[in-house]
Amino acid sequence: MAALSTTGRPGHPDRRRGWLHLFWLATVYGIPAILIVLPLLTFLMFGFWSVEEGRILRDFSFDNYFAFAGNESYTRVFTGTLFLALRVMIINVLLGFAVAYFLSRLEGRLKYALVLGLIVPLLMSYIIKIYAIRGILGTSGLLNKLLIFLGILSQPSDLFLFNLTAVLITLSLALLPFTILPIFIALEKIPANYLEASADLGATPWQTFRRVTLPMALPGTVVGGMFCFVLAVGDFLAPELVGGTRGFTYGRLVFSQFGMAFNWPFGAALSVILLIVSLGVIVAAGRLGSPKWLRQ
Amino acid sequence: MNALRLGQHAAMAALAIVTAMVFVALYAPIFLVALLSFFRLRRGEIQWDSFSLQWYGKLFSNEGLGQALANSLIVGFASVLMALVLATLLAFYVNARPGLRTTILQFVIFLPFLLPPIITGLSLLVFFSEWGVSRGLFTVSIGHTLFVLALAYRTILTRLQGLSRNLMEASQDLGATRWQTFRYILLPNLKLAVVTAGLLAFALSFDETMITLFLIGDTNTLPIRLFAMMRAGFTPEVNALVTLILVFSILLTLVIARYVGRGAIGGRFRL
Amino acid sequence: MAQGDGRLQIERLSKNYGGVQVLDAVELTVDDGEFLTILGPSGSGKTTILRLIGGFTEPSGGRITFGGSDVTHMPIYRRPFNTVFQDYALFPHMTVAQNVAYGLVVRGVPKAEITPRVGEALAVVSLEGFMDRYPTQLSGGQRQRVALARALICQPRLILLDEPLAALDAELRRQMRAFLKSLQRQLRITFVFVTHDQEEAISMSDRICVINQGKIEQIGAPKEIYYRPATPFVATFFGDNNLLPGHLHHDRRDTANVDTPFGKIVVRDPRVVDLPANAAITIAVRPEALHIVAASGDAATHDNRFAGQVLSVEFVGATSQIRVAAPAAPDHPLLLKVPSLAGESAVRPGDQVTVAWRAQDCAVLPATLV
């Protein structure tokens, strides 16, 4: 009690605050440094080592990177995966923008219900989503049935399972909520009177959309696209479950180095390449996602 | 003029159709799975007269599953607790000291959330094996803590920044110590943000598969167990388990939405 | 659209939101080149009128014509009006120059023509050096001038201003008032200005339209509104007024005797001619029109006088407010405003004084007090 009432006393409380402060600093900087930065650095180092007869050889060399660049089957998987992720991103940004825009125009209970309906799949287990989607992709699956019903196909196609198309469909569907939500939030943040001001100055609805809505929603759209690309490019669960042997992706290549192939240094080198691509996309998105006008 | 209005209506109608299709595509697979946990499938046709709960019954006799669920809960609670403490400390620090150093710190915290999970998982795997830490629930909990940290941190920081500085100054002006200000002013105001962050973090941890796969060693969490079962194929037992987890996910989402309230989910959205 | 006539005509305009009547059959005409202020308390419907003219809201009934042609259902972007929004609504992702150019760009004006016109518009509001700034980098007053330049650049016939000065501090507000008025005179554009600030309305407008609870109370020149209020609401909304209930007795053409709790009061107001004898009316007298005179003063300059007791004296700066009650009407104490002078005030509570005023300072309101 006495200590509480004499807060102004110099020396003692300050010293205690000093220790606390030090502890605080140590936690705040120490834990991210040890558990995020250090592992990434370790793993960067691993990429320069090699493996011989099941033992890790700690000699610095670029051999893993040369091995990757020199092997066409690796580089083909790499570029194939980049294009796959790019296609997933484009599909999802287009679809996502359409859905987000429509939802942002709605009002009241319907809007609330539909947005909640988007958050449910967002928080749903990722592998469960993949599993469920796989269920509709087979030759006797719902997708084939629908396409035959609509007269687009005359007989069931095996085009939708155990190949890259299956991976594309699965990733697009599984990642779509991650794309829609940031775009929707960006659209919701545009005050109605900007749109009114635009119309007042003579802009047609289409001009208002193109010159006000679209640029103002761009930061959120970039973030949505980034989430989609980064998650797609590094994913190995969806290709593993719906890709079969023909749907081989870079993520599976990395994963196999830590499983069956058991070549950790090579796997680490492959992931470093993935890390560089992802960081590049994240930084680029960070730039695009915070244009000058958004900063104070 | 009328042509223009007509065009607008047509555009909105087209968007409505796209949205409806997206919702069907998002939900149809899930409903199918739920359906197939009760009914049998023969040559691609659902046998409507084959209703049965036998697959749910089988789940309860599956002992590995109970252990996996227990492990998932342990990891979930442990990582949520660690992430919340760390996120709160970080949020207070960044809020008090904006600048280049904290900007870099923020970027680092966000890495495990933004990077492909495979990279986070692998880097921790390599790191732990270098230091001789054996894989198990402990390493998985660390991985999950880092994965959910960014979201928890962001949720708490946003609330903290939203609090008026006047509030703190008023409290100190009335004679409260720093601790009293924290206890009586900050904490009650942050409670909602911390609970929201905790629920979100738990949901993420409970479903996390990719990082876990690298750090789990030879035990199981629920998603890992599921992954193993799914690789074997599309079985009614998996369907039953998936349906149960889905119901749980939906309930959790509704609780979060309820807790965060319409203020955040309905009307104007802010995250 | 007719070329010469830029008259805005509002006929029986109504608006209800979910059963609540926000505007009730409003009739209003704004002449070409006029500065008209719509004045009312918050929730009176004044912003609704503006939003209906601008096309942001659809009316529930009535018609709006401009230069003779019906614009009631014309889309916003076709209307030859521009708006200065209350919080300016400057596009945050565009520079000052891009904001100002916007109206020309969306109309497909060639680039070579846009640049000099943006320069001119910004010169009008003295912001030539700010072209490449973003709105977040401007002060409140600068933003407001950008909003003005942006509204002016399409050379609209009419500009709608929605409380554009509300967000500025007092000094800036005073400067902007003078600036807006001179700009309007110089460009000869019709201004429809919405505000809740009566001082703003009086100092800038050609005519003021006072609105309350969705109905127009009075339209007229500032002096007319001030000295000849039509309703008790107008009489009290514009500064202080003493309201006295009474019954009319016609005497000469514009002069009449009124029976009030104070006894007989002589009033001179041209409006009494239209009123029937013995009509129940209200007299409004401004506090500054009342004077304290010597008990045996000059009766010729003051048509009305009565003796009373000072209840209170309150110093409020430039003036002092004195309340005086007459023995005949203790429920109707009169308020006086007299210039404050240094030293002790001339009267003290409890003093017996004589209050006097002229007949022409009495406004006759053809309505009873509620």
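This is a predicted model: local features need pLDDT of at least 70, side-chain atom pairs count only at pLDDT 80 or more; totals for chains, interfaces and linings use all residues.

Student: At what angle do the axes of H3(B) and H6(B) cross?

Tutor: Roughly 40°, and the axes come within 6 Å. Angles from 65 to 115 degrees would be roughly perpendicular and those under 35 roughly parallel, so H3(B) and H6(B) count as oblique to each other.

Student: And which residue classes make up the contact of H3(B) with H6(B)?

Tutor: There are 21 nonpolar and eight polar residues, with no charged ones.

Student: Switching to chain C: how many residues of helix H2 (residues 96-105) are buried?

Tutor: Eight of the 10, so H2(C) is largely enclosed by the rest of the structure. Among the buried ones are C:Val96, C:Tyr102 and C:Leu104.

Student: What covers the buried residues of H2(C)?

Tutor: The cover includes H9 (192-200) and H10 (205-233) of chain A, plus H3 (111-124) and H4 (140-152) of chain C.

Student: OK, strands now. Is strand E9 (residues 207-212) of chain C mostly covered or uncovered?

Tutor: Mostly covered, with five of its six residues buried. E9(C) pairs with E3 (residues 35-39) of chain C in the parallel sense over four bridges, and C:Leu36 sits opposite C:Arg207 there.

Student: In which sense does E9(C) pair with E10 (residues 215-220) of chain C?

Tutor: Antiparallel, over five bridges. C:Asn212 faces C:Lys215, and in the hairpin, which has two residues between the strands, C:Gln213 takes a positive phi near 50°.

Conventions. Residues are numbered from 1 along each chain as its sequence is written. Chains are lettered from A and ligands numbered from 1 in the order in which they are written. Side-chain values use heavy atoms; hydrogens and water are left out. Buried means under 20% relative accessible area, exposed over 50%, partly exposed in between (1.4 Å probe, protein chains only). Two strands pair if DSSP finds at least two bridges between them. Contact means heavy atoms within 4.5 Å. Axes are lines fitted to C-alpha atoms, for helices over the stretch in contact, and angles run from 0 to 180 degrees between N-to-C directions. Angles under 35 degrees count as roughly parallel, over 145 as roughly antiparallel, 65 to 115 as roughly perpendicular and the rest as oblique. Ala, Val, Leu, Ile, Met, Phe, Trp, Tyr, Cys and Pro count as nonpolar, Asp, Glu, Lys and Arg as charged, and the others, Gly among them, as polar.
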